[in-house]
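Please have the sequence and the coordinates open.

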Amino acid sequence: MEFPTRSSPYLPLHSDLSRLMQRVMLALVPGALALLWFFGWGVLFNLLIAAGTALLAEAAMLQLRGRPVRATLHDGSALLTGLLLGLSLPPLAPWWIAVVGTLFAIVVAKQLYGGIGYNPFNPAMVGFVVLIISFPLQMTLWPPPQGIDAQVLGLTDTLRLVFAGALPADASLDSVTMATPLDITKTRIGLNYTWGEILADPRFGAFAGHGWEWVNVGFLFGGIWLWQRRAIHWQIPASMLGSLFFISLFFYIADADSFGSPIFHLFSGATMLGAFFIATDPVSAATTRRGRLYYGAGIGILTYVIRTWGGYPEGIAFAVLLMNMAAPTIDYLTPPRVFGRRDPEES
Amino acid sequence: MQCLMVTLLSQPRRIPGGLRLDANKAQSLQQPLRAAGVPERLYIPLSQHIGDAAEPLVEVGDRVLKGQLIARSPGYISAPVHASSSGEVVAIGDYPVPHPSGMQAACIVIATDGRDQAAADQLRMENVLQADPADIRQRVRDAGIVGLGGAGFPTSVKLNPGPDREVDLLVINAAECEPYISCDEALMCSRPWEILEGIHIMRHALHARQVVIGIEDNMPNAIQCLQHCLDESEETGIRMIPVPTIYPAGGEKQLIYALTGEEVPSQGLPIDLGIVCHNVGTAAAIARALLQGEPLISRVVTVTGEGVRQPANLEVRIGTPVAALIEECGGYTDAIARLLMGGPMMGFSLRSDTIPAIKTTNCILAASYRETPQAPPASPCIRCSDCVDVCPAGLLPQQLYWYAHARNFDRIQDYHLFDCIECGCCAQVCPSHIPLVQYYRFAKTEIWSLESERQFSELARQRHEFRLQRLEREKKALEERRAKARKSLKPKAGDADAKQAEIAAALQRVKAKKAEQSVQARNTGDLTEQQQADIAAIERRRSSGSGQP
């Protein structure tokens with residue numbers, strides 16, 4: 001009797017790219033729901049526009065590059081890039097912000113480098129940085145979070161603002177948007193407010209910015225679930241959050257008036273989204289065990305530096321891209337010890 | 001004399017990396033170990049081991065007896081081959097042999113006569129445990145015993161630590177870590193005494209101070225059987241240590257690490273640590289040979305999988321075609337999809353079931369598609385480094401893949417390609433379904449062939465340089481001789497005349513020869529008149545110069 005042959009191993013395989021991506025998307029749900037709850041319909045529009053653009057751009061590029069379209073779209077990586085970028089965008093930004101950012105992320109940062117597996121930089125963060133450098137005004141259009149005494153736009157008003165740029169008659173752009181806690185902290189510390197005075201602002205909540213703290217808690221939960229399901233390694237989030245905690249603790253202890261508290265930094269802005277979903281993007285991150293620790297620590301420290309002394313209120317995207325650049329070198333310098341060899345450099 | 005002391009850990013250690021896999025051993029252990037029948041034809045390959053192929057001692061038509069030496073080992077790293085049953089040699093030639101490539105190699109084919117008549121025993125030793133280790137090694141060698149764990153390295157070589165090495169620890173590898181394979185477990189349950197006797201002989205031959213049996217902790221029955229024998233026997237000093245069940249804990253280096261916490265040096269051997277490792281099956285084979293006089297003509301083979309009706313462990317004659325073993329186990333089921341030799345992690349798939357079981361065949365896995373699905377299409381590597389976490393050798397499989405894919409054979413060696421043991425853990429967890437091990441095998445083979453090419457061209461270069469030197473030397477010598485001759489010669493009178501005469505004579509000879517060759521009609525002996533007339537007409541036409549056909 002004759003049989004088909006192939007190479008080992010033969011057992012049913014343990015994991016699958018599209019299942020991995022689905023798991024990551026599922027883990028985004030709690031954080032995304034919190035974001036939706038606090039910041040309104042704009043969040044949903046951003047997600048839909050970015051996801052749709054990502055899929056279309058990926059399909060078009062695959063077609064142009066002569067790669068299998070259906071099978072590659074099925075891996076879910078483009079959709080995930082779109083979703084991650086969509087979650088990072090201000091909910092009241094005009095629709096084309098999400099389109100431009102996602103196009104740049106998929107077309108330039110991902111496909112022009114060779115598609116999934118070959119992009120040296122995190123595509124979603126490349127898209128984000130392009131937007132924040134090119135369209136700084138539109139990138140500040142965050143509405144006041146739910147629960148703050150301010151004008152909140154309903155579904156139709158949000159739709160009109162996002163897609164037609166039309167505001168309700170009784171509103172101005174300033175009245176429907178609000179500075180984010182990271183923004184407030186940056187400006188007010190610049191104006192010599194003390195940290196205690198800043199915290200007393202109604203826009204701050206129990207331990208960080210109102211609303212933002214729960215968004216971060218949501219992403220933290222999703223991230224821990226991801227780690228439990230072995231979809232991500234613990235080293236990058238742990239070292240990123242750890243380094244962010246310790247560096248902010250150091251300055252906070254040194255001068256509690258001029259620096260934000262460690263808890264504020266951990267639960268503000270995109271910290272948790274960045275730690276569990278952005279920095280852990282395997283393609284652009286360091287891959288050795290020790291390397292992941294350095295990589296995560298670098299992101300944590302750079303994030304703090306940019307938030308505190310840099311020109312932007314939030315630093316996750318820049319920190320991730322800077323460390324993406326360093327990842328190949330980190331990998332090269334941190335090889336594991338090979339079994340039966342005394343030290344990694346021994347050959 | 002090198003004296004290394006090895007300390008066994010009180011608590012065996014978990015090996016680095018590795019995977020927890022479903023054991024799937026119960027299926028084949030439901031029935032007790034039994035002997036498979038002798039097939040009508042035995043296909044006995046001459047190379048069933050690491051090292052030089054054996055050289056046949058029989059010819060087609062010879063009658064052979066069970067246990068008779070039919071091919072001798074030509075070198076130190078080699079093993080002889082014996083007839084597994086009595087019968088007639090009906091062919092010596094190339095037949096499909098167990099090999100991932102599906103290649104053919106030299107086999108001796110025996111048509112068995114059903115009498116299973118044994119040859120005179122020449123292996124049995126009296127008082128083995130008092131015998132000279134060199135004699136024991138010679139008998140083990142004569143018995144054709146090779147490592148039965150899978151690699152098939154000649155056992156006598158591994159029983160010889162060398163004159164300046166001392167063996168502190170003998171590790172008996174009973175950690176059958178690959179899923180589905182249960183031949184060692186079956187052997188331990190049914191013939192524990194034989195194993196222990198073999199271990200005693202090995203210990204004596206190696207002068208090993210300590211002996212430990214390393215076994216995976218998921219085989220309670222085997223542990224119980226062996227422990228029972230250990231408790232009953234007076235001989236103490238053999239310990240059995242269950243190690244955590246994790247693939248590939250049964251790898252030699254991995255098992256030694258689990259038991260002692262020591263790492264065999266990369267590119268080194270266990271003996272570098274004062275350790276020698278042998279498989280349990282090998283121990284039993286040694287006891288059989290030296291105590292019962294039977295060379296290695298059979299071994300235990302697991303026949304299992306959803307593709308076979310009654311999975312079992314069989315004592316199989318070397319050279320029995322796989323089809324006969326499947327038949328022995330009730331035949332194929334409808335689910336049969338793939339035939340593997342060895343386990344699902346490191347084994348290889350067989351193209352046909354006419355291939356024989358050999359000394360290193362531990363398992364025939366007749367697998368269904370559920371058990372061994374089609375290889376899904378591979379996607380690009382996303383550098384998730386799941387492979388890094390499971391690599392027992394501490395390598396960076398994704399980097400090895402990158403450089404193998406790019407055919408960068410220098411860089412891939414910087415990443416220690418040759419420390420890869422091809423266990424398959426990386427490929428098993430790869431979410432992109434990249435057949436990683438295949439890439440590593442490819443790179444290794446390419447590097448080997450580049451290396452041998454390099455050696456070949458180096459040799460050619462050397463030969464070329466020698467040749468140039470030789471030519472130079474010869475030219476010089478010739479010139480010297482000529483110069484000498486010129487000096488010694490002086491022009492003689494009448495030289496020119498003689499030369500002229502010689503030339504004239506030569507011209508004459510050439511002319512004569514040409515004249516002889518100019519008339520060249522052939523086959524003209526028996527022509528009819530008509531034909532001769534035609535020829536004459538043609539000749540006339542030709543000489544008259546008309547170009548008409």
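How many residues of domain 1 of chain A are in contact with domain 2 of chain A, and how many residues of domain 2 of chain A do they touch? The contact joins 35 residues of domain 1 of chain A to 28 residues of domain 2 of chain A. The model is predicted.

## The two domains of chain A

Chain A splits into domain 1, residues 16-178, and domain 2, residues 180-331. Taken over C-alpha atoms, the centres of domain 1 of chain A and domain 2 of chain A are 20 Å apart. Between them, domain 1 of chain A and domain 2 of chain A bury about 2,800 Å². Carbon and sulfur atoms carry 80% of that area. In domain 1 of chain A, the residues that lose the most area to domain 2 of chain A are Arg23(A), Asn122(A) and Met178(A). Together these three make up 19% of what that side buries.

On the domain 1 side, the elements giving two or more residues are helix H1 (17-39), helix H4 (77-88) and H6 of chain A. H1(A) has the largest share of that side, with 13 residues.

## Chain B against chain A

Chain B brings 69 residues to the contact and chain A brings 39 residues. The two chains bury about 4,700 Å² between them, with 57% of it on carbon and sulfur atoms. On chain B, Ile382(B), Arg383(B) and Gln428(B) supply 14% of the area buried against chain A, more than any other three residues.

The rule finds 5 salt bridges across the interface of chain B and chain A. Asp389(B) forms a salt bridge with Arg292(A), and their closest N and O atoms are 3.6 Å apart. Polar contact between chain B and chain A counts 28 residue pairs, both residues at pLDDT 80 or more. The elements that give two or more residues to the chain B side include helix H7 (252-260), helix H10 (386-390), helix H13 (425-429) and helix H14 (436-488) of chain B. Strand S15 (336-341) of chain B is also among them. S15(B) gives the most to that side, with 5 residues.

## Asn119(A), a polar residue in a loop

Asn119(A) sits in the loop between helix H5 (95-110) and helix H6 (123-134) of chain A. Is Asn119(A) buried or exposed? Asn119(A) is buried because its relative accessible area is 4%, under the 20% cut-off.

A polar atom of the Asn119(A) side chain lies 3.1 Å from the backbone oxygen of Phe121(A). Not counting residues up to four places away in sequence, Asn119(A) touches Ala109(A), Lys110(A), Tyr113(A), Asp281(A), Val283(A) and Ser284(A).

## Glu185(B), a charge without a salt bridge

Glu185(B) belongs to helix H4 (residues 183-190) of chain B. Glu185(B) is buried yet has no salt bridge. How far away is the nearest side chain of opposite charge? That side chain is Lys25(B), 5.4 Å away.

Lys25(B) is still in contact with Glu185(B). Leaving aside neighbours within four places in sequence, Glu185(B) is also in contact with Leu29(B), Glu176(B), Met219(B) and Ala222(B).

Note on methods. Residues are numbered from 1 along each chain as its sequence is written. Chains are lettered from A and ligands numbered from 1 in the order in which they are written. This is a predicted model: local features need pLDDT of at least 70, side-chain atom pairs count only at pLDDT 80 or more; totals for chains, interfaces and linings use all residues. Side-chain values use heavy atoms; hydrogens and water are left out. Helices (H or I, at least four residues) and strands (E, at least two) are DSSP runs, numbered from the N terminus. Buried means under 20% relative accessible area, exposed over 50%, partly exposed in between (1.4 Å probe, protein chains only). Lys and Arg count as positive and Asp and Glu as negative; His and the chain ends are not counted. A salt bridge is a side-chain nitrogen of Lys or Arg within 4 Å of a carboxyl oxygen of Asp or Glu. Contact means heavy atoms within 4.5 Å. A polar contact is a pair of N or O atoms within 3.5 Å; within protein, one must be able to donate a hydrogen and the other to accept it, and residues adjacent in sequence count only if both atoms are side-chain atoms. Domain bounds come from an automatic or database domain assignment. Buried area is the accessible area (1.4 Å probe) that two parts lose on being put together, summed over both.
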